[in-house]
Amino acid sequence: MFQVAVLASGSKGNAVLVRTRESTVLVDAGVSLKRIRAAIALLYPTPPRIDAVIVSHEHTDHLLSAGVVCRGENAMLYITEPTYLVARHKLGRLPRGWEPFVSGKPFTIGDLVVEPFAGQHDAVDHSNFVLHVGDDRRLGVATDIGFATRLLETKLRDCTTLVLESNHDIKMLLEGPYPWSVKQRIRSRQGHLSNEQTVGVLIKVLHPGLRNLVLAHLSEINNDPEIARATTAAFLASVRHDCNLIVAAQREPTPLLDV
């Protein structure tokens, strides 16, 4: 068993569920524990207990309920030390404590191998992840990407399932209501990927073995799910790739996917 579902995704909160035979893990917990449990209950008749929470960075839409989940589920927290130091006041008491990880150094949670790698975002120590269970199936989770580094492209190149940011439509962003300073931040090298930039990443990492592609972290103000889907679908059609394309939503989980 190696399954993934995006429980919530967008500017108002993010959480990704990863389940193996031995472990049930959240990558980020940016929505309430109540919403996380409700989403999991839609996927499993008997919801599994969460063993661990992995935090990518300190922004609230990724960290909001990490401490609450750890208390409610008696879960271990995995977080980089710089991120913990700036976020500990948000986390509160952790019944099992926390385990630091370092980008570039794999760690294990039961049978799950987690390979964190540095991301480009305006956070103190942002990480993206590749996760696997020792076979040829690999899950990439990469959001809050200012720009696609060579490291990102190398890490995502062999993934069989990919959760990849497609944050904004450039026209909607530029014509939208955000202040110009915020628009500049979103478009900067420490911000987020546009739909077109997501295609640019796919040009570098797409391979015949990619089974599932989940577009994630869509802005509700500066993007539209159908625009994001159409942009990526057009590229996939142009290269005759028929992977399962899903657009993650803010308020409902994706289906369970076999990585």
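**Figure 1. Salt bridges across the predicted model.** Searching the whole structure turns up 8 salt bridges, and since this is a predicted model, each view here shows computed geometry. Side chains of opposite charge can pair when their charged atoms come close.

**Figure 2. The E73–R37 salt bridge.** Here E73 and R37 form a salt bridge, and their closest N and O atoms are 2.8 Å apart. What is the relative accessibility of E73? The value is 11%, so E73 counts as buried. R37, with a relative accessible area of 40%, is partly exposed.

**Figure 3. The K204–E153 salt bridge.** K204 and E153 meet in a salt bridge whose closest N and O atoms lie 3.6 Å apart. This pair, too, links distant parts of the chain, with K204 in helix α8, E153 in helix α5, and 51 residues separating them. A relative accessible area of 45% makes K204 partly exposed, while E153 counts as buried at 10% relative accessibility.

**Figure 4. The R49–D51 salt bridge.** In this view the side chains of R49 and D51 come together in a salt bridge, at 3.1 Å from N to O. R49 is partly exposed, its relative accessible area being 44%.

**Figure 5. The buried side of helix α8.** Look along α8 (residues 195-205) and you will find N195, T198, V199, V201, L202 and V205 buried. Why do they sit on the same side of α8? They cover an arc of only 155° around the axis, which places them on the same side of the helix. An α-helix has 3.6 residues a turn, so residues three or four places apart point the same way. The packing partners of the buried α8 residues are α5 (150-156), β11 (161-165), β12 (212-216) and α9 (225-238).

Figure 6. Just after the helix comes G92, with a positive phi of about 70°.

**Figure 7. A nonpolar patch on the surface.** L85, V86 and V124 make up this nonpolar surface patch, and together they have about 230 Å² of accessible area. V124 is found in the loop between β8 (112-118) and β9 (127-132). With 44% relative accessibility, V124 counts as partly exposed.

Figure 8. How many residues of β12 are buried? The count is 5 of the 5, so β12 is largely enclosed by the rest of the structure. In a regular strand the side chains alternate between the two faces of the sheet. In β12, N212, V214 and A216 point one way and L213 and L215 the other, and all are buried. The strand pairs with β11 in the parallel sense over 5 bridges, and A216 of β12 is the bridge partner of E165. Strand β13 (residues 244-247) runs parallel to β12 and is joined to it by 4 bridges. Across this pairing, L213 stands opposite L245 of β13.

**Figure 9. Two loop residues with a positive phi.** Most residues other than glycine have a negative phi, and most peptide bonds are trans. N74 is not a glycine, yet its phi is positive, at about 55°. This residue lies in the loop between α3 and β5, and N74 is partly exposed with a relative accessible area of 39%. R240, also not a glycine, has a positive phi of about 60°. The loop that holds R240 runs between α9 and β13. Is R240 buried or exposed? Its relative accessible area is 79%, so R240 is exposed.

Notes
Residues are numbered from 1 along each chain as its sequence is written. This is a predicted model: local features need pLDDT of at least 70, side-chain atom pairs count only at pLDDT 80 or more; totals for chains, interfaces and linings use all residues. Side-chain values use heavy atoms; hydrogens and water are left out. Buried means under 20% relative accessible area, exposed over 50%, partly exposed in between (1.4 Å probe, protein chains only). The arc is that of the directions from the helix axis to the C-beta atoms. Contact means heavy atoms within 4.5 Å. Patches are made of residues with over 30% relative accessible area and no salt bridge: like charges are joined within 9 Å, nonpolar side chains (Val, Leu, Ile, Met, Phe, Trp, Tyr) within 5 Å. Accessible areas come from the Shrake-Rupley method with a 1.4 Å probe; for residues, only the protein chains shown count as cover. A salt bridge is a side-chain nitrogen of Lys or Arg within 4 Å of a carboxyl oxygen of Asp or Glu. Two strands pair if DSSP finds at least two bridges between them.
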